[in-house]
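Hi everyone, thanks for making time this morning. I'd like to walk you through one structure, so please have a look at the screen.

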Amino acid sequence: MTEPIPKKKSERTLNAIVNTALELAVTQGLSSMSLGEVAKRLGISKSGVFVRTGSVENLQDMVLARYEQLFAEHVFLPALEAPRGLPRLDRIMELWIGRGVGRKAMAGSLHAVAAFDLHPMESPLRKKVRAGVARWRKTLARTVMQAIEEGHLRSDTEPAQLVWEMNSLMLGYFHDLHFLRERRAAQRTWEAYQRLISTYKRA
């Protein structure tokens, strides 16, 4: 009779599986992630990964949930310590840019990678990623609204437009950082954001 795996050990293994899968998703794309590759990187059997996740689709769901958890922990929640309004919006952008390199990319670029990685045909995974992007944009728009209410940004500022422009900057950032290996990508993105936000500030 096979002895059951201790609960704590099983939880640690599952966490390792999800974290490894997240690294793969950030560097290779969600659709390229496989149970076999995760198992290979961890030095365990593919069946060991399957037993804990059930399927690659379930693992993709776990990866998306972990990504949003990390993004909240390392970008949004720390930004809440900044004063309400533009200082908080600036801090969000600063932290978001800062999560673009190394392992920090796990809390920075998965949505950007997925935008180009996933097949254009509609799928459950595509819907889930899009829902995550929509939640983040809603959070950004709420922060922009607060900056308007605090008098930091012009009253005629359209939150959706500013959020779109911020996201466009970040897509360019991740493209140049990961594809072109542009060393000054973070600095260039921050400077571009400063110029962008200056056009929205109240005189």
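Predicted model: local features only at pLDDT ≥ 70, side-chain atom pairs only at ≥ 80, totals over all residues.

The protein has 9 helices and 0 strands, so if you follow the chain along its sequence you simply read α-α-α-α-α-α-α-α-α. Of its 203 residues, 42% are buried. The accessible surface comes to about 11500 Å², and carbon and sulfur atoms account for 55% of that.

Let's turn to the helix pairs. Two packed helices are described by the angle between their axes and the distance between the axes.

Our opening pair is α4, residues 56–79, with α7, residues 124–149. Their axes come within 11 Å and cross at roughly 15 degrees. That angle is under 35 degrees, so α4 counts as roughly parallel to α7. The crossing is right-handed. Which residues of α4 and α7 meet? On the α4 side they are Gln60, Asp61, Leu64, Glu68, Phe71, Val75 and Phe76, and on the α7 side Leu125, Lys128, Val129, Gly132, Arg135, Trp136 and Thr139. By class, this contact of α4 with α7 has 7 nonpolar, 3 polar and 4 charged residues.

Next come α5, residues 86–98, and α9, residues 185–198. Here the axes are 10 Å apart and the angle is about 160 degrees. Because that is over 145, we call α5 roughly antiparallel to α9. Again, α5 passes α9 in a right-handed crossing. From α5, the contact uses Leu86, Leu89, Asp90, Met93, Glu94 and Ile97, and from α9 it uses Ala186, Thr189, Trp190, Tyr193 and Ile197. Sorted by class, the residues where α5 contacts α9 are 8 nonpolar, 1 polar and 2 charged.

Helix α9 also packs with α8, which covers residues 159–179. The axes of α8 and α9 come within 9 Å and cross at roughly 165 degrees. That makes α8 roughly antiparallel to α9, and the crossing is right-handed. In α8, the residues involved are Leu162, Glu165, Met166, Leu169, Met170, Tyr173, Asp176 and Leu177. Their partners in α9 are Ala185, Ala186, Thr189, Ala192, Tyr193, Leu196 and Ile197. The contact of α8 with α9 divides into 12 nonpolar, 1 polar and 2 charged residues.

Gln146 sits in helix α7. Is Gln146 buried or exposed? Its relative accessible area is 15%, and because the cut-off for buried is under 20%, Gln146 counts as buried. Leaving aside neighbours within four places in sequence, Gln146 is in contact with Arg84, Gly85 and Arg88.

Gln28 belongs to helix α1, residues 7–28. With 38% relative accessibility, Gln28 counts as partly exposed. Not counting residues up to four places away in sequence, Gln28 touches Arg41 and Asp117. Gln28 and Val113 are 85 residues apart in sequence, while their C-alpha atoms are 8.2 Å apart in space.

That's my tour, and I'm happy to go back to any of the helix pairs.

Note on methods: Residues numbered from 1 in each chain as written. Heavy atoms only, no water. Helix = DSSP H or I, 4+ residues; strand = E, 2+ residues; numbered from the N terminus. Buried < 20%, exposed > 50% of the residue type's maximum accessible area, 1.4 Å probe, protein only. Areas by Shrake-Rupley, 256 points an atom, 1.4 Å probe, with all protein chains shown as cover. Axes fitted to C-alpha atoms, helices over the stretch in contact; angles between N-to-C directions. Parallel < 35°, antiparallel > 145°, perpendicular 65-115°, else oblique. Left-handed = near helix turned anticlockwise from the far one by under 90°. Contact = heavy atoms within 4.5 Å. Nonpolar A, V, L, I, M, F, W, Y, C, P; charged D, E, K, R; others polar.
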